[in-house]
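Here is a two-chain model to explore together.

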Amino acid sequence: MSNNILGFKQKVATTAMTFALLAALVLAPSMARAATHDINLSAEVLPNGQFGYKRGDRPAVIPGPTLFVKQGDTVNITVINNTGKPAGFKVPGLSNTSAAKAGPGGTISYSFNASKTGAHPYLGDGQELLGLFGAIVVDSVDGKVERYVDGDGAIKSVKASELDKQYVLFMVGSTFWGTEISKTGTQTPLWTNPVLGAVEEDIVRFHILSAGPGHTFHLHAHRWFEPGTNSIIDVKLMADGSDGHTFTLKAGTGVGPGHWQYHCHLFSHMEAGMHGSFRVDANKGSKKGPGNSVAGASPHGAIFGNASDDPGLVTFVISDEPASWYRSARADTIFKITGGTRSLEVIPPGSSVNFIMAETNTVHTMTSLLWPSGADDPINGHHAKQHSNHGNHGNHDKGRGRGRDKAKSEHASMPFDQSRAYKGGGIVKLTTPGLYVFTCKVHPYMFGAVIVDDPATDGLDLGESIDLATGIVNLPTSSDLATRLLRIFFIATAPNNWQDFTSTTPWKVTYPSVPVRITGGAVANLSDVLIARYGNDIALTPPIAPAIPGVGEVWVDTQFEKTAGKTKPGTITVVDASTWKPARKIALPQINMNNPHNMWTNRDQSVVYQTQWFDNKLTMINKKTGALIKNIQVGEAPAHVMTRPDNDDITVTNNGEDGMSMIPAGTTEVARMMPTQKAGQPATNPHGHWISVDGNQALAVTPNIFTSDVGFYDINSGGILERTPTGDSAPGAHPIAIGMMPDASKFYAANLLHHSVSVINKDGTLKKTINLIADYNPIDGTIVDRDSDGQATVGMLPIQLPVSPDGRAVVVANMGQSIIVIDTATDKVAKMLPCDAGCHGANFGAKKGGGYYAYVTSKFSNELIVVDADPNNDGDLSDAMIAGRVSLVSDGNTQTDDRISSLAGYGGQGVLAIPNVYNSWVKNLPGEWKDQLTPAQQNASRN
Amino acid sequence: MMYQHSCDAGEFFASDHLFTSSIASGFKRVFTRLTISSTFFLTMFLLHSGESISADHRIEMIGEQTADGLLAYRMVEHHVNGVNITSRYSPHATIPGPTIVLTEGDKVRLTIRNAITITPDQQVSVHVHGVHYTILSDGSLKVINKIEDEGAYPDHGGRFYTYLWDVAPGTAGTWPYHDHNYETHNGSEDKGLYGAVIVNPASGMVAASNGGSITSLPISHIKKDYVLYMSDDAFWGMEIDGVSKKQTWLGVNPLLTAKRDDNIRFHLIAMGTYLNRFQLGGYQWIDPGTTKMINTKDIGPLEKHVFTIKASDSAQYLNANFSRKLMGMKGSFNVNAGH
């Protein structure tokens with residue numbers, strides 16, 4: 001792949017030209033008349049689906065054309081919107097007004113006075129993170145630009161005419177977008193993370209700008225002035241929203257030539273690839289260099305369907321929208337080929353993948369879930385890479401731990417990961433052909449896949465084998481585990497592939513019908529392979545309600561259901577357990593409730609607490625009426641909420657951060673966040689916790705996703721009592737939820753990516769790890785009794801796993817479409833039951849007349865499964881069964897606060913039975929609820 | 001060759017009290033194989049050897065693990081013009097690491113060693129901000145600087161790497177230094193491998209505020225320097241006594257104390273992923289490089305913010321970022337009546 005080499009630096013400018021430029025600069029102010037600029041731009045769609053601004057007959061670029069004006073000038077800009085999306089226009093640094101959004105084909109006129117010197121972003125409001133941004137540089141009328149500090153400390157003033165070159169560098173997401181402006185004013189796009197070239201002692205002016213979440217800009221070994229001050233800095237904060245910062249420097253002064261790195265200094269952004277090089281060439285001697293720049297990957301470059309000799313760039317928009325969590329910016333043009341998924345891209349080796357968190361309200365990571373074996377090879381390896389022969393559970397010699405033995409590798413190397421969840425984006429160059437899947441560690445069903453296809457081979461290259469984040473290496477792409485994961489990807493990312501239990505047509509999954517190259521160089525049709533292995537057009541039986549009613553109501557977070565009155569997805573579906581009908585839908589359009597994930601209630605069951613997992617809010621809802629009480633900020637990506645049974649205080653895990661928010665009962669403000677790790681230690685990012693209050697000890701037990709352990713915390717003191725590694729210490733075991741015995745004697749943790757359940761004693765010691773895929777052969781997919789427990793079971797990708805209030809059963813919801821029932825007496829699998837696609841949530845409620853139901857939700861189906869783990873109440877769980885299934889789609893009698901518009905009943909995640917019959921909480925129930933329970937249910941722990 | 005620009009044990013240590021001539025020859029040996037001009041750096045380094053005002057610093061630091069699984073720098077030895085000032089530092093590895101106090105015009109030769117026992121071996125480096133150095137002292141990996149992995153592998157048999165800093169005129173200020181090489185080319189500053197360099201101006205004077213007024217103050221009148229690193233979840237503090245120059249590690253969200261009317265210099269540096277908003281209740285101070293008074297300052301990762309105030313009343317310092325404040329990023333600045 002040849003790089004776009006820019007023209008060599010012209011060391012000798014003609015005197016005439018210099019004079020003319022100088023004259024122009026001098027004349028303008030002397031005329032004492034500000035100029036008026038009439039500028040015409042159009043917003044265009046680029047080959048990768050991003051947008052760029054076009055001026056005149058030059059191609060559309062990111063950043064948009066740099067506009068140079070003088071202070072005091074009047075600027076009139078006309079923008080034609082040739083994209084398919086509405087976009088506004090604004091220049092926040094110079095004007096308080098925002099132009100109303102123009103629809104496709106519409107035109108915007110925007111005028112302002114260039115009152116302040118410096119570089120100011122102009123933004124296509126609403127689509128700026130997709131590429132509609134550029135710089136307006138307002139220069140002083142006296143022709144002077146920013147001073148610089150020379151190597152000897154002397155402060156030098158500079159005229160614009162003395163500049164050798166200027167750079168515009170936009171910091172957007174976690175990517176730099178650059179333009180070079182030559183001495184004569186020629187603008188050359190440098191695209192992403194470019195090498196900025198200069199010759200030693202060149203006078204170079206940098207315009208650093210930003211749009212979206214903030215950054216700090218750092219350039220190695222150079223210093224400059226903070227504008228408007230005498231302060232010398234080498235790092236500059238670019239504030240959230242948008243910002244601009246201009247400085248001038250003498251290349252290499254005091255430090256000499258070199259590849260001087262520039263980068264954002266936010267640590268997660270560094271890990272996300274946000275860096276480039278300022279290459280200062282020697283100006284004399286044998287190493288004398290031309291000072292040319294090298295452009296980076298470009299939206300016009302080589303990607304599937306767009307041939308080019310330049311490295312290309314595909315862009316995933318990170319979104320709160322169901323299934324489109326990683327949406328290719330050009331999804332609308334390619335999703336018909338991909339079988340409905342908008343999250344699959346294809347590029348040749350050497351092109352790059354760009355991520356931009358443009359349509360989400362919270363933090364994420366861009367993390368490798370799997371990658372082609374060998375893509376993680378260090379380029380200049382210090383340590384010999386150890387490979388074991390093929391994928392099985394025990395190979396944990398490497399994985400997604402940061403770096404490991406990869407310190408010397410290019411940032412393109414796998415695994416791609418960030419230590420903390422953050423706002424921004426990411427960029428990664430992929431060179432090894434094969435399949436790459438990215439996820440978010442906070443929201444681990446957000447998937448984006450990239451096939452790096454060597455054009456010289458037949459079929460799209462899935463590669464010989466893949467490595468997984470959990471340490472499995474060299475797993476053949478032909479293996480059952482590999483294709484099963486692919487199937488999950490195609491279901492999760494395409495709503496047309498979800499199970500609709502209201503429809504009479506069979507469940508059909510559409511896969512891309514494309515030839516793929518797999519293990520041994522075999523070429524097969526991807527769709528044919530997946531259909532041959534997993535079937536298709538599977539008949540779905542309509543929901544049949546359980547024969548015995550439940551007590552009260554079942555509140556289900558139908559997290560993906562869309563309503564007309566808001567842009568964000570998600571409703572609460574309230575099922576009446578006496579009739580098994582959806583009695584109410586709560587969408588809360590007035591707060592644009594965003595991805596409601598998990599719930600709990602207060603002591604008297606009058607208020608439901610609801611987390612918004614793709615946001616930073618906890619919502620309090622009137623249980624009786626479904627009305628909003630209060631929407632409060634708690635922390636990023638709040639996952640689970642639970643009360644303290646002793647005092648009704650509210651505890652919330654901030655899945656996007658490093659602690660739990662504590663809200664005293666009766667208040668609506670977070671009083672404190674309890675850190676879930678010691679100061680300075682890696683952030684834990686806890687998810688589905690459990691609370692135990694026993695005498696004087698109040699315990700929070702959290703599954704710490706980012707650090708692969710279970711934490712035990714004293715809520716009263718904030719003390720960290722224990723951190724127990726889970727998943728046989730596999731990297732990225734991903735413990736995601738906790739279940740607790742009624743007497744707090746044991747805790748259960750589901751390890752999502754390790755397909756296991758950790759059993760942990762109250763003192764934090766690990767009692768046992770239950771391997772849920774012991775009977776499964778990842779190569780051929782056979783499920784036979786390999787662990788000699790008398791049955792063949794598999795629980796792939798376990799999520800929630802509550803313990804029944806009587807302490808007998810653990811019900812594990814597995815995303816791999818099964819429910820596993822574990823007997824707490826033996827901590828062995830007692831039973832496997834079928835589940836729907838994206839099986840996720842589980843919680844217990846009271847069965848009328850005694851016993852319990854486990855309510856199990858599934859993300860990619862629209863029904864609720866009701867499990868009876870012990871139908872005859874004899875303690876033997878071998879007769880555990882599905883008691884019934886309940887539709888989550890509203891009917892004519894369902895009360896709603898907003899009109900259901902699409903994805904009806906989908907997204908089942910958190911589930912809560914009211915009354916709350918878990919031990920400790922059941923004791924505090926008001927009489928109206930207690931009266932509906934049997935004596936045994938009222939005193940669950942005695943069983 | 002894996003370590004062609006670092007030397008083996010016994011050939012050179014900062015603690016060898018080498019004289020300029022042997023430093024020169026030592027570096028000549030190191031530099032001869034390099035692609036860039038060695039004379040450039042040697043010239044820079046030797047030019048000032050005859051000047052009386054510029055001090056010559058030989059520093060050796062080592063990267064170590066802490067009890068909580070973090071990484072930290074420890075000062076092994078620091079000689080200034082041949083005088084051993086190592087006793088000013090904590091004998092332990094600290095977060096933040098040793099504060100290296102310099103003056104414009106000084107020269108520094110800093111050797112980093114690595115005592116981290118986590119496998120597989122990783123490099124520890126020192127990448128410094130603010131001062132001058134050539135590309136060989138960038139403290140980055142070859143994948144970044146295209147020349148050399150500029151850090152120290154663990155000390156099996158004495159690996160190290162030596163950096164030369166020119167604390168040139170124009171570099172006055174407080175600057176971070178941090179690892180750039182551990183595990184990836186981003187390094188492990190987030191695990192504790194960071195510290196501060198204070199470059200005092202050659203003029204010997206700093207701007208200070210006294211209530212709402214601005215004064216100019218000799219550095220010798222500063223009673224205490226507080227280095228406060230704002231990491232993602234805590235302030236990590238270091239105190240430097242103005243007279244004894246002794247450094248005291250203060251730990252997390254420390255209690256800061258002063259006597260009324262003491263001149264106290266605060267050195268804030270942020271590190272991590274969060275954007276921070278620093279406040280010191282009831283105080284205002286000079287926005288650096290201006291004559292403007294401020295009472296709040298947004299500080300992004302690796303930005304520095306330095307100000308000097310006259311202590312008047314007790315106050316709370318805090319990070320006003322929503323979740324960071326709730327996480328407990330705050331502490332007390334207690335001002336006592338004094339004598």
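Between domain 1 of chain B and domain 2 of chain B, the count of salt bridges is zero. A salt bridge here is a side-chain nitrogen of Lys or Arg within 4 Å of a carboxyl oxygen of Asp or Glu. Side chains of opposite charge can pair when their charged atoms come close. Before going on, note that this is a predicted model, where local features need pLDDT of at least 70, side-chain atom pairs count only at pLDDT 80 or more, and totals for chains, interfaces and linings use all residues. Residues are numbered from 1 along each chain as its sequence is written, chains are lettered from A and ligands numbered from 1 in the order in which they are written, and side-chain values use heavy atoms, with hydrogens and water left out.

Ser268(A), Glu271(A) and Ala272(A) supply 38% of the area that domain 2 buries against domain 3, more than any other three residues. Across this interface, too, the rule finds zero salt bridges.

Now for the two chains themselves. The contact takes 67 residues from chain B and 71 residues from chain A. Thr273(B), Leu326(B) and Met327(B) supply 11% of the area that chain B buries against chain A, more than any other three residues.

The table sets out the buried areas. Buried area is the accessible area (1.4 Å probe) that two parts lose on being put together, summed over both.

| Two parts | Buried area | On carbon and sulfur atoms |
|---|---|---|
| Chain B and chain A | about 5,500 Å² | 56% |
| Domain 1 of chain B and domain 2 of chain B | about 1,900 Å² | 66% |
| Domain 2 of chain A and domain 3 of chain A | about 1,200 Å² | 59% |

How many salt bridges does the rule find across the interface of chain B and chain A? There are four. In one pair that you can look up, Lys678(A) forms a salt bridge with Asp68(B), and the closest N and O atoms are 2.9 Å apart. A search of the whole structure finds 43 salt bridges over all chains. Inside chain A, Lys165(A) pairs with Glu180(A), their closest N and O atoms being 3.6 Å apart. This pair links distant parts of the chain, 15 residues apart: Lys165(A) sits in strand E12 (residues 165-172) and Glu180(A) in strand E13 (residues 175-182) of chain A. Strands (E, at least two residues) and helices (H or I, at least four) are DSSP runs, numbered from the N terminus.

Next, the empty space. Rolling a probe the size of a water molecule over the atoms shows where empty space is left. On a 1 Å grid over the protein atoms alone, a cavity is a set of points where a 1.4 Å probe fits but cannot get out, and lining residues have an atom within 4 Å of a point. Of the 28 residues that line the largest cavity, the closest to its centre are Leu369(A), Leu370(A), Phe447(A), Leu485(A) and Leu753(A). Helix H4(A) gives the largest share of that lining, five residues. Domain 3 and domain 4 of chain A each provide at least three residues of the lining.

Finally, check the backbone. The peptide bond from Ile914(A) to Pro915(A) is cis, with omega near 15°, and Pro915(A) lies in the loop between strand E66 (908-914) and helix H6 (927-930) of chain A. In chain B, a cis peptide bond joins Ile95(B) and Pro96(B), with omega about 0°.

Key. On a 1 Å grid over the protein atoms alone, a cavity is a set of points where a 1.4 Å probe fits but cannot get out, and a pocket is an open set with protein on both sides within 12 Å along at least five of seven lines; lining residues have an atom within 4 Å of a point. Domain bounds come from an automatic or database domain assignment. Contact means heavy atoms within 4.5 Å.
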